Amino acid sequence: MLSFIGLTWALSSNAFLVMGDMPYTPIDALNLAPKGVLGSKINTTEHAFLLHVGDIKSGAEPCTNELLTKNKQLLSALTTQPFIYTPGDNEWTDCDRANLTPRYDELERLVFLKSLMYDRAYLEKAKQLEQFKRQASMAENARWQFAGVEFITLHIAGTHNGRRQILNSDKQLAYQQADARDANNLQWLAQANPTAKGYVIAFQADIYTHQTDQPACSAALRQTCDGFKVYRDAIREFASTVKKPVLVIHGDTGPYCQQPLANNLTRLNVPGDYMASDIAKVALAQQNATVTWQISSLKSGKPLEQQCR
């Protein structure tokens with residue numbers, strides 16, 4: 001059973017920072033500024049990399065090139081260490097909302113987003129991570145090694161990974177792309193390094209809070225289905241098979257909390273989403289030959305004790 005509190009952490013350098021669902025507000029932007037409460041904490045906290053699990057803007061803001069570029073510049077400047085990003089729904093699948101002006105074709109926004117975020121500077125920094133690789137068939141998916149643990153990012157965004165609320169795009173094309181994302185994500189997960197001491201799987205959508213009683217979506221069933229069920233099932237099976245510690249990290253919903261899902265499977269809902277303008281620090285260590293992690297607030301330094309419901 002994994003333990004998060006009361007451990008002694010010998011190597012502070014075996015830590016990384018993770019955030020999501022920000023900046024949403026002017027307060028977030030102020031906090032993330034170099035002299036802000038979070039920006040200054042990042043600069044004085046030893047960490048190997050900063051991971052952002054998506055939603056780099058509020059869903060109430062239009063997905064203009066200017067806003068996405070401004071927020072990308074803010075986030076990528078937070079650290080001198082590698083900055084890793086996986087897409088969220090606010091910056092592409094939600095860009096066609098009726099209350100936004102201008103509205104966009106969400107599939108066009110995804111193309112722009114990927115060209116914006118994964119530029120040469122991003123990749124040069126990312127390649128500093130041990131064994132950093134990108135998926136050939138879906139380049140936003142990445143994997144790397146840190147402290148003996150394998151990190152895996154998957155492109156799983158809200159709106160059931162682009163399968164719902166398709167308001168301004170070709171629906172059949174959107175469904176085809178969702179089918180391809182599912183296939184690529186599952187293949188990327190299946191290619192995990194079996195020699196790793198543990199695994200961290202990161203994506204944007206809260207696949208647990210937003211689960212339904214509907215069957216899993218597929219190429220044969222594209223509507224009235226649960227676009228996240230295939231991932232809940234795959235991650236549960238993955239953890240059962242590897243029999244090593246697995247930490248799932250996501251954003252999307254408000255609470256900053258953790259939840260044991262199985263004996264070796266835990267999820268972390270990162271701070272953000274208006275609820276907590278903060279960043280999580282995750283320290284990795286080994287205890288009795290088992291990888292363990294301690295999750296704490298970057299702002300306060302206090303261990304995370306809140307349980308997800």
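**Pockets and backbone**

Analyst: This is a predicted model. The second largest pocket is lined by Pro23, Tyr24, Thr25, Pro26, Ala29, Glu61, Leu67, Lys70, Asn71 and Leu74. Two elements, α1 (26–32) and α3 (65–76), each give two or more residues to that lining.

User: Which element gives the most to the lining of the second largest pocket, and how does the lining divide by class?

Analyst: α3 gives the most, with four residues. The lining has six nonpolar, two polar and two charged residues. The volume of this pocket is about 160 Å³.

User: What are the volume and the lining classes of the largest pocket?

Analyst: Its volume is about 210 Å³. The lining holds two nonpolar, six polar and seven charged residues. Of the 15 lining residues, Asp89, Gly158, Thr159, His210 and Asp252 lie nearest the centre.

User: Where are the cis peptide bonds from Met22 to Pro23 and from Thr101 to Pro102?

Analyst: Most peptide bonds are trans. The bond from Met22 to Pro23 is cis, with omega near 10 degrees, and Pro23 sits in the loop between β1 (15–19) and α1. Pro23 also lines the second largest pocket. The bond from Thr101 to Pro102 is cis too, with omega near 0 degrees; Pro102 belongs to the loop between β3 (83–85) and α4 (106–117).

User: His160 has a positive phi. Is His160 buried or exposed?

Analyst: Most residues other than glycine have a negative phi. His160, with phi near 50 degrees, is in helix α6 (residues 158–162). Its relative accessible area is 7%, under the 20% cut-off, so His160 is buried.

Notes
Residues numbered from 1 in each chain as written. Predicted model: local features only at pLDDT ≥ 70, side-chain atom pairs only at ≥ 80, totals over all residues. Heavy atoms only, no water. 1 Å grid on protein atoms, 1.4 Å probe; cavity = no way out; pocket = protein on both sides within 12 Å on 5 of 7 lines; lining within 4 Å. Points joined across faces, edges and corners; volume = space filled by probe spheres on them. Nonpolar A, V, L, I, M, F, W, Y, C, P; charged D, E, K, R; others polar. Buried < 20%, exposed > 50% of the residue type's maximum accessible area, 1.4 Å probe, protein only.
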